[in-house]
Amino acid sequence: MFDLIVKGGVLPDGKRVDIGIVGNTITAIDVLNGAEAGQTIDATGDLVSPPFVDPHFHLDATLSYGTPRINASGTLLEGIGLWGELKEVMTQDDMVARALTYCDWAASMGLLAIRSHVDVCDDRLLGVEAMLHVRDKVKDYIDLQLVAFPQDGFYRDPTARNNTLRALDMGVDIVGGIPHFERTMTDGAASVKELCEIAAQRGLQVDMHCDETDDPMSRHIETLSYETQRLGLHGRVAGSHLTSMHSMDNYYVSKLLPLMAEAQINAIPNPLINIVLQGRHDTYPKRRGLTRVKEMQAHGINVGWGQDCVLDPWYSLGTADMLDVAFMGLHVAQMTSPPEMRTCFDMVTTHNAKTMNLPEYGLTVGAKASLVVLDAGDPIEALRLRATRLFVIANGKLISQTPRADAKVTLAGRPPIVRRRHQID
Ligand code: FE2
């Protein structure tokens, strides 16, 4: 007897299975003919995936687009300046409300694990308090990890160092940083070293905005990898963005990638925002703004796509859809062969779960019963269609349903169009 059976779905690897759930745990993945269940969801022919995972987001800034003005130049630096203006006027209640609205959007898209950076460069730490509250409010359906993020520079901002420690004392999960925004390369490297030492002392993970610049001499990922090795933080450190790598000298990169692999660094390119923000100082040729994704993967480095922003000072679009993120990444990184496209889907599910060190993630017996049923026959079709999330289940409970998109399309004098290649049985 099961509480819930998801019947006839297709796993990302192509296997057709029924998934049996008791409480908040997957207890069977098999053909469950005749099994009884309190509730049955018909997923015949539909892709059933573990939930989407976003390892890089800014919940404190999301849904603030246009307040108090828009980012006219579209650059990272104007975005940081605009965020500074916004911090002066926004309230804690407003931050909580925006973040909870975003979490509803995320849940409806099957996005059930998010790592959010939280700006600590406000001595009141209003954002930290707000996001800790949000983490508690959404815990039944979203795994929310918070990163203490010194947006204005760990050393560059006079109180950021102290505020980072205060935020960690308050219960923020992960140590962040922004070495390329410190005043000098030396300060940037020193910030990486000290922040990694703080993480090691406290038994925490590290996730830094790292080398989010077009400057090929921005090499803080080297220091981050070295400190990870020195302090034994293998597998517990992520480098976000890493865009300078697109312009680094090839010989230098041939030495860097093995170091990153040995340190088990997790890499988080953010294709929506990187393609928008980077290369703004270029004329032509204009650089793509994305790090070396395929080259890192060829060295065995775990790489997953992050979203970074939705409707905030840096990015004026976004829908909490990790398939949008993977779709953009697929294009910009030219990952167009069938295996590469499948990898792009894995990058917003299993790869990101590895980066976030999520326990009990995946569609296996004994795992947490969280999954999403998509209106697609396989991961490639899910990407092509940015497929509708038909059912979203979190911790054994059905939390969101969306009708099939094509069911609503009617053409005059013709049968309804069907955009799916793999028809439902
Ligand atoms: Fe970010």
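## Reading the terms against the values

Proline 285 lies in the loop between helix 8 (271-277) and helix 9 (293-298), in a model that is predicted.

Q: What kind of peptide bond joins tyrosine 284 and proline 285, and what is its omega?
A: The bond between tyrosine 284 and proline 285 is a cis peptide bond, with omega about 0°. Most peptide bonds are trans. Another cis peptide bond joins threonine 67 and proline 68, where omega is about -10°, and proline 68 has its place in the loop between strand 6 and helix 1 (76-89).

Q: Which atoms are the protein donors of the iron ion, and how do you know that they qualify?
A: The protein donors are His56 (NE2), His58 (NE2), His209 (NE2) and Asp308 (OD), which lie 2.1 to 2.4 Å from the iron ion. A donor here is an N, O or S atom within 2.8 Å of the metal, so these atoms meet the cut-off. Along the sequence, the donor residues follow the spacing H-x1-H-x150-H-x98-D.

Q: Why is the arrangement around the iron ion called irregular?
A: The four donor atoms subtend angles of 85 to 178°. Water is not among the atoms, so sites may look incomplete.

Q: What makes histidine 56 and aspartate 308 a pair that ties together parts apart in sequence?
A: Histidine 56 lies in strand 6 (residues 52-57), whereas aspartate 308 is in the loop between strand 13 (302-303) and helix 10 (322-332), so the pair ties together parts that are 252 residues apart in sequence.

Q: Why are histidine 56 and aspartate 308 called buried?
A: Buried means under 20% relative accessible area. Histidine 56 has 0% and aspartate 308 has 3%, so both values fall under that cut-off. Aspartate 308 also has a phi near 75°, a positive value in a residue other than glycine.

Q: Where is leucine 125 found, and is leucine 125 buried or exposed?
A: Leucine 125 is found in the loop between strand 7 (111-119) and helix 3 (126-137). Its relative accessible area is 1%, so leucine 125 counts as buried. Although leucine 125 is not a glycine, its phi is positive, at about 55°.

Q: How do you know that alanine 199 is buried, and which residues does alanine 199 touch?
A: Alanine 199, which lies in helix 5 (residues 185-202), has 0% relative accessibility and therefore counts as buried. Not counting residues up to four places away in sequence, alanine 199 touches Val175, Leu204, Gln205 and Val206.

Q: Which residues have the most contacts inside the largest nonpolar core?
A: The largest nonpolar core has 103 residues, and those with the most contacts inside it are Leu224, Met260 and Trp305. Helix 2 (residues 92-108) gives the largest share of this core, with seven residues. A second, separate core has 17 residues, among them Ile19 and Phe391.

Methods: Residues numbered from 1 in each chain as written. Predicted model: local features only at pLDDT ≥ 70, side-chain atom pairs only at ≥ 80, totals over all residues. Heavy atoms only, no water. Core = buried A, V, L, I, M, F, W, Y, C linked by side-chain atoms within 4.5 Å. Buried < 20%, exposed > 50% of the residue type's maximum accessible area, 1.4 Å probe, protein only. Helix = DSSP H or I, 4+ residues; strand = E, 2+ residues; numbered from the N terminus. Donors = N, O, S within 2.8 Å, 3.2 Å for Na, K, Ca; no water. Tetrahedral: all angles 85-135°; square planar, octahedral: opposite > 155°, others 65-115°. Contact = heavy atoms within 4.5 Å.
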